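Biologist: I'm new to this one. Can you walk me through it?
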Amino acid sequence: MTTTIAYLTPAWRDEAQRRLTAELSPERMNHITSSMSNIYRDCPDGHDRFLFFRFENGQFAELRLGEGEAPPAEFRITGSYDTFAKISRAELGSQKALMTGKLKLKGNMIKALKLAAIADRLNKVLATIPTTY
């Protein structure tokens with residue numbers, strides 16, 4: 001039986017970092033340099049959280065999880081905990097969530113569209129983590 005990890009906990013963040021580092025090569029990430037903060041509203045405990053990703057020349061450089069104000073990022077994506085959980089379970093695509101208003105994006109929309117496939121690769125890796133929501 002596979003052990004599951006509670007979503008958005010330090011243990012989940014550690015597993016996400018391990019998998020992202022191992023599975024996303026600079027080539028698969030198109031050698032991008034960018035950062036993104038996912039802002040999770042209405043978490044089950046009543047708190048808001050953030051998950052901050054940073055890539056340097058396509059290499060996974062940083063993954064930070066926290067409460068309160070997220071670090072400055074090139075892109076800021078805000079949505080409900082439930083919406084991000086559906087994306088992490090591969091039940092909802094991030095592009096569809098953006099187009100239907102379930103997620104809000106702040107940042108350069110043209111660059112965001114170019115990076116959409118990269119965000120999908122990142123989400124596919126996160127979807128492999130055995131998670132309890």
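Predicted model: local features only at pLDDT ≥ 70, side-chain atom pairs only at ≥ 80, totals over all residues.

Biologist: Fine. How many helices and strands does the protein chain have?

Modeller: Five helices and seven strands. Along the sequence they run β-α-β-β-β-β-α-α-β-α-α-β.

Biologist: And why would you call the radius of gyration in line with a compact globule?

Modeller: Because a compact globule of 133 residues would have a radius of gyration near 14 Å, and the protein chain has 14 Å. Its C-alpha atoms fill a box of roughly 35 × 30 × 25 Å along the principal axes.

Biologist: What share of the residues is buried?

Modeller: 44% of the 133 residues.

Biologist: Switching to the largest nonpolar core. Which members touch the most others?

Modeller: W12, L20 and F53, out of 34 residues. Elements giving two or more residues to this core include α1 (10–23), β3 (49–56) and α5 (116–126).

Biologist: What does W12 touch, leaving out residues up to four places away in sequence?

Modeller: I5, A6, Y7, L51, L126, I129 and T131.

Biologist: Now the pocket. What volume does the largest one have?

Modeller: About 560 Å³. It has 32 lining residues, and M36, I77, L115, A116 and A119 lie nearest its centre.

Biologist: Which element gives the most to that lining?

Modeller: α5, with six residues. Others supplying at least two include β2, β5 and α4 (109–114).

Biologist: How many of the lining residues are nonpolar, polar or charged?

Modeller: 25 are nonpolar and seven are polar. None is charged.

Conventions
Residues numbered from 1 in each chain as written. Heavy atoms only, no water. Core = buried A, V, L, I, M, F, W, Y, C linked by side-chain atoms within 4.5 Å. Buried < 20%, exposed > 50% of the residue type's maximum accessible area, 1.4 Å probe, protein only. Helix = DSSP H or I, 4+ residues; strand = E, 2+ residues; numbered from the N terminus. Contact = heavy atoms within 4.5 Å. 1 Å grid on protein atoms, 1.4 Å probe; cavity = no way out; pocket = protein on both sides within 12 Å on 5 of 7 lines; lining within 4 Å. Points joined across faces, edges and corners; volume = space filled by probe spheres on them. Nonpolar A, V, L, I, M, F, W, Y, C, P; charged D, E, K, R; others polar. Rg over C-alpha atoms; globule rule 2.2 N^0.38 Å.
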